[in-house]
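Hi,

Here is the structure I promised to pass on.

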Amino acid sequence: MKKINLMEVCGTHTMAIARSGLKKLLPKGVELISGPGCPVCVTPQEDIDRAVKIARREDVIMTTFGDMMRVPGASGSLEDAARDGADVRVVFSPMDSLETAEKHPGKKVVFMGVGFETTSPTVAATVIEARKRKLKNYFVIPGFKLLFPALELLAGSEKLKIDGFICPGHVSVITGSVPYREVADRYRVPCVITGFEDADILKGISRLLRQISAGKSEVEIEYRRAVTEKGNPRARRLLDEVFRPADSAWRGLGNIRSSGLRFRKEYSSFDAGKAFKVKVPRASLPKGCLCGDVLQGYRSPKDCKLFTKKCTPENPIGPCMVSSEGACAAVYKYG
Amino acid sequence: MDKITLAHGNGGKLMHELIERLRLKFSSRILDEMADAAELRVAKSRIAFSTDSYVVKPIFFPGGDIGKLAVCGTVNDVSMKGARPLFISLALVLEEGLEIGVLDRIADSVRKAARKAKVQVVTGDIKVVEKGAADGIFINTSGIGVIEGRASIGVRARPGDVILINGPVADHGMAVLNVRENLGFRSSIKSDCDNLNFQVERCLKASKNISVMRDPTRGGLATALNEIAASSNLGIEVNEKDIPVRRSVKHLCDILGFDPLYVANEGKFVCFVKAKDAPGVKKAMGPSARVIGEVTTGHKKEVRLRTSVGSSRILPTLLSTPLPRIC
């Protein structure tokens, strides 16, 4: 029997699959491979180092999502910086950062921005709002990533041979289903946009298998209750107003063309990269760490010699163990 | 790691390591049982004794406040030993600048909760620290209860024991988080903060075959079950679909990426009992009680969750949490 490789691109899917124990129920020959859709995991170490360096400045309040706190950089994590006295705050919404900036006019408030199309429009909205409110002390580190350039890279990979994509529901709420057509048509890989309940994922897998056995490669939406063909044009307009696509480095995958976001000129005064000229040395993955291969789907966490021995959620070495949605954290927690 | 982090207080693995580090310094037969309350033999009586500090933020939350919590938390710890709680102490650490009116409200709440649980506040203490050295108010309460009859509720479950819980999990943690972080979710989620001593009393009347009772506070249900699996040297199996979680709580957890099985409770307890007595105990635990699983001899010290889709996986102890200071 032919082996079928399905990739769940999104970290939330990885976690949902591990949590429900779905893998054990699948017929033999159907493999689920975790993709690079965990924003914490693909953020390069240089970005972390830069954030830590900025956070350690006395005039700065660093704000970020909880997941970023423990990602280790060359000189520790943001959590380490906080322990040493740096003002680092976890926010649930980027809007909270903006409020912090308004409350502390004497401080420079920096938001460490990571994430895909799901989160980046909300950050763009804060930048537009900051301009409206004439805030001069709000800055963003634009560590955002775009899904489709990475998806194409994976779809075209000879080494991986992906037979179908379980596509991320949340990103697709914003992007709509149209951009997946390129992947489905050019690389002949079927795509099913899938929700996050157990039944959603099972339906997504079954639709992919049906397409594969019929020799089709189409874009389907399983997650109809949230995703449309057109997506959310308003959110995309916000994104486009503030940012432009630019080449971007992904941890594990390297540099991918037009896969990140940079500030447009009109908004460059909010760019933390410009406001704080910090230099950080080039970084490489810690010795022995396989996160690079794991993120590309070549290997599974259990192939890594550090996994569960030196690298655990309390003492993570690679990014896939740090993030609560990382492939290594999922296998560590749920087996 | 050589400094205390918030993770050392979250009910997870680091906190257990810290407790273990200190326990070794004071090791004794009584302490080493590591139950919610210590069992003491004084003259001919068996006494249960427990202490707890309360640092919840904010001090007022939907369904309760730090005063009610300080009474219920300690009453419940004493009750989990199968004891009837009788007396509690009340020690307050107040931050300079706290409004007297706020203190009065909290004290009234202590009084009300104590009356409801039928315990007396019999000794107390007040300390005031300079601004910034505490966060409004911290409370410590200790409680004493008497173990009647031959009840011997400990930390060891038996193979074949059925596991029951008295109602839906994660209410307290999510209610506190929602107001603390000003998440702006308009919700009806209320803390389950309540005294459990009368429910426990009814259970003990319903069955002589209860081995363990535990209130899953910090670290949630999953962590409590892991502690019991470890101290019993047995395996535990629970069914995801049988563990009650309110819809609103489940949805808030989903939005924020929390697993309700790791979120704190303040008015829930699990009861391990011989299968034949389970229906009677279920009735005694009240209308929201559910059977959620059983104790097995397989996979020792491990908790396994049968998932809703019919697979199974490990239910690990809490490793780290984005939820500091829930109680």
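Of the 327 residues in chain B, 46% come out as buried, meaning that 20 or more other C-beta atoms, placed from the backbone, lie within 10 Å of the residue's own. Keep in mind that this is a predicted model, where local features need pLDDT of at least 70, side-chain atom pairs count only at pLDDT 80 or more, and totals for chains, interfaces and linings use all residues. Residues are numbered from 1 along each chain as its sequence is written, while chains are lettered from A and ligands numbered from 1 in the order in which they are written.

As for overall size, a compact globule of 327 residues would have a radius of gyration near 20 Å, and chain B agrees with its 19 Å (taken over C-alpha atoms; the globule rule is 2.2 Å times the number of residues to the power 0.38). The C-alpha trace of chain B spans about 55 × 55 × 45 Å along its principal axes.

Chain B has 9 helices and 14 strands; these are DSSP runs, with helices being H or I of at least four residues and strands E of at least two, numbered from the N terminus. It splits into domain 1 (6-147) and domain 2 (162-314), with bounds from an automatic or database domain assignment. The centres of the two domains of chain B, over C-alpha atoms, are 21 Å apart.

Now for chain A. 15 of its residues are in contact with 19 residues of chain B. Chain A also holds an open sheet of 4 strands, in the order β4-β3-β5-β6, with parallel pairing (two strands pair if DSSP finds at least two bridges between them).

Angles here run from 0 to 180 degrees between N-to-C directions, with axes as lines fitted to C-alpha atoms, for helices over the stretch in contact. Helix α6 (residues 120-132) of chain A packs on the sheet too, touching β5 and β6 of chain A.

Cheers

Note on methods
A residue is buried if 20 or more other C-beta atoms lie within 10 Å of its own, exposed if 12 or fewer, and partly exposed in between; C-beta atoms are placed from the backbone. Two residues are in contact if their C-beta atoms, placed from the backbone, lie within 7 Å.
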